[in-house]
Amino acid sequence: MRTIRYILQKEFLQIFRNKGMLPIIFILPVIQLCVLTFAATYDMKNTNIYIVDKDVSKHTQEIIGKFENSSFFTITGIGFSEAIAEDEFLKDRTDAILVFNKGFGNNLDKREDAPVQLLVNSIDARAASLFGMYIVEVLQEYNTKVITTNSPVGKSALSQRITTSYNHFYNPEMDYISYMLPGILVILVTVIGLFLSAMNVVREREIGTIEQINVTPIKKYQFLIGKLIPFIVIGFFELGVGLLVAGFIFKIPFLGSAWLIYLVASVYLLTILGLGLFISTQTETQQQAMFIAWFIMVIFIMMSGLFTPVESMPEWGQKLNIINPVAYFIKVIRMIMMKGSGFHDIKQYIGVLLVYAVCAISFAVNRYRKVA
Amino acid sequence: MSTSINIKGIFKSYDSVKALNDISLDINQGELFGLIGADGAGKTTLFRLLATLLLPDAGSIDMEGYDVVNSYKKIRNLLGYMPGRFSLYQDLSVMENLNFFATVFNTKIEENIDLIEDIWKQIEPFKDRKAGKLSGGMKQKLALCCALIHKPKVLLLDEPTTGVDAVSRSEFWQILKKIQQYGITIVVATPYMDEATLCDRVALLDKGAILQVDTPQGVVSTYRKALYAITGANIYDMMLLLRKYEFTESVFAFGQELHYTDKRDEFDTNQLQHYLKEALQQDVLVRSINPNIEDCFMALSIQKNK
């Protein structure tokens, strides 16, 4: 016990003495959390639209007015030529072009077909479909209004439609921040945990200090436990800061228990740190360790369902997620924070993570060799 | 005197490179034993085998009655090892390093302070300084303290004086002599031949094989040839010339002079002096000298490679 305590003391001393790493460990994650949460949102706050109005009628003016008044759209220009509009497109100054041909207003008054042309920049397919949807929605709304005002009294031109009403459970306002932030928090905790642990043992090897440690009667498990605990503490600290930021700065509803999150986090961190230490024992230089950690990290994140829903992945991809601890933790932390899930709702995930943690750590201890 | 370390028929190779080739060696208890050899002779490999950091391909090593491979746990408790490269924590202070290693060996600084007292006195003024900020000599002293803190029975020092200034080097050897009085077996590897004379016994190691094991005096006394030192203004030209000379057996540059042996059992130094003078048009002095360890090493090395 005394040995472990001294290893711990040594590790903490080294962490707090490392002036380069300290801000990276403690300040950067908070900044990242604040920046990324705003950046990684699917909400379309601002769509630039260019309007080619060859008609210049009451109707086109009213529609333009609707776009102007909407907070979703910024009209970058109104012109008469499609060529100029396409030029705007090429210069990437606009996301969509809406073209009203001559006679649009007249046709509308005569209640004939009044086609509108919509061009959308679809380099980013997901964004493009959202632009399109929003714009069509505005036009549709105007259409409905025109039909209603122009209809003779008593004879509704509106055909009966099946209407669906939505009730969004657990995130009623479809707020992306409350969806993204827990995920990003998981990523940050993972990055810190995985990278610090992956670089640690290999760093001692690179500097040569491991040579001196290896001839001591220190036990493998003592050495690795001494390495693990500081990172768990740092991981907990980051998680705590993240949750405070979530609660007080972003005001995300927090339905579940923070203790439960910490319980899952402790199992999860053991997994990640075990994995990191395993990488560390298998590599010769910090550079190697760094690349391997980064490689694993990117795969875990991309597959995790943070940026794309797991359900939209091909089946093999979804199956691959069975071994992705990041996916489990993101899922669980979202469940706890947004749904208020209790221990019994998530115990199977904790179980899986626990199995994973035991495997990772025993692998690391087993593969760490004091003899070359 | 009983044997502390018994090395029997050790082979070790890295891929195709044979680092150690059939090494057998006995080192006595309480002995200050020198392992002398040029860079790449296999000193560090042998040390890492002794330090239980490496496994031999063949052969066995017994240390204080324990087998290095099977009872490595026992050995790690009675071994003090100072690697050639400074391998303490540079970002920890002198005191923190010492404390850490004491704890790792399940002891306290106070328990063995008498053993390291002399060295500790010298580094104590810097005890709060980070190890990385110490001078080369101080670093070595700290490393020695850390290697001695658990009062080991065997102390392995891999090139402890490489890169350390002359004054610190002689200080270091005085310290070793003192430590030896506690009955600790000390094995020192060094590329410096002049340090060999400070050991009780030395093993000359070359290309993974032992050339000779003897006391420094013993090594020198085995040198049979008459040795001459030649001094002159242009050493290099003189060496090139001597290499072509028909009676030359060996010639080596040795600082500001050449060490020369002749093929003939008896010859006139004046004749050689005259020959060099004629050829180089400069003053040359030839005198007879006593061989040192390095001369022996060179001679043995040439003999072996013939």
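Predicted model: local features only at pLDDT ≥ 70, side-chain atom pairs only at ≥ 80, totals over all residues.
Q: OK, the β12(B) and β13(B) hairpin: how many residues between them?
A: 2 residues, and B:G255 in that turn has a positive phi of about 65°. β12(B), residues 248–254, pairs with β13(B) in the antiparallel sense over 6 bridges. B:T248 stands opposite B:D262 of β13(B).

Q: Which other strand pairs with β13(B)?
A: β11(B), residues 227–232, is antiparallel to β13(B) over 3 bridges. B:Y228 has B:Y260 of β13(B) as its bridge partner.

Q: How many residues of β13 in chain B are buried?
A: 6 of 6, over residues 257–262. Buried means under 20% relative accessible area, exposed over 50%, and partly exposed in between, with a 1.4 Å probe and protein chains only.

Q: Which residues point which way from β13(B)?
A: B:E257, B:H259 and B:T261 point one way, B:L258, B:Y260 and B:D262 the other way, and all are buried.

Q: Switching to the start of the chain. How do β1 and β2 of chain B run?
A: Antiparallel, with 8 bridges joining β1(B) (residues 3–14) to β2(B) (residues 17–28). One facing pair is B:I5 and B:I27. The hairpin has 2 residues between its strands, and B:D15 in the turn has a positive phi of about 50°.

Q: What else does β1(B) pair with?
A: β4(B), residues 58–63, in the antiparallel sense over 5 bridges. There the bridge partner of B:K8 is B:S60.

Q: Now loops. Is B:G163 buried or exposed?
A: B:G163 counts as exposed because its relative accessible area is 66%. B:G163 sits in the loop between β7 (154–158) and α6 (166–180) of chain B. Its C-alpha is 31 Å from that of B:Y72, 91 residues away along the chain.

Q: What does B:Y182 touch?
A: B:D114 and B:L115, not counting residues up to four places away in sequence; contact means heavy atoms within 4.5 Å. B:Y182 lies in the loop between α6 and β8 (185–190) of chain B. At 41% relative accessibility, B:Y182 is partly exposed.

Q: What about chain B overall: how many helices and strands?
A: 10 helices and 14 strands. Of the 306 residues, 53% count as buried. The C-alpha trace spans about 70 × 45 × 40 Å along its principal axes. Of the contacts in chain B with a separation of 6 or more, 68% are between residues 24 or more positions apart.

Key: Residues numbered from 1 in each chain as written. Chains lettered and ligands numbered in written order. Heavy atoms only, no water. Helix = DSSP H or I, 4+ residues; strand = E, 2+ residues; numbered from the N terminus. Pairing = 2+ DSSP bridges.
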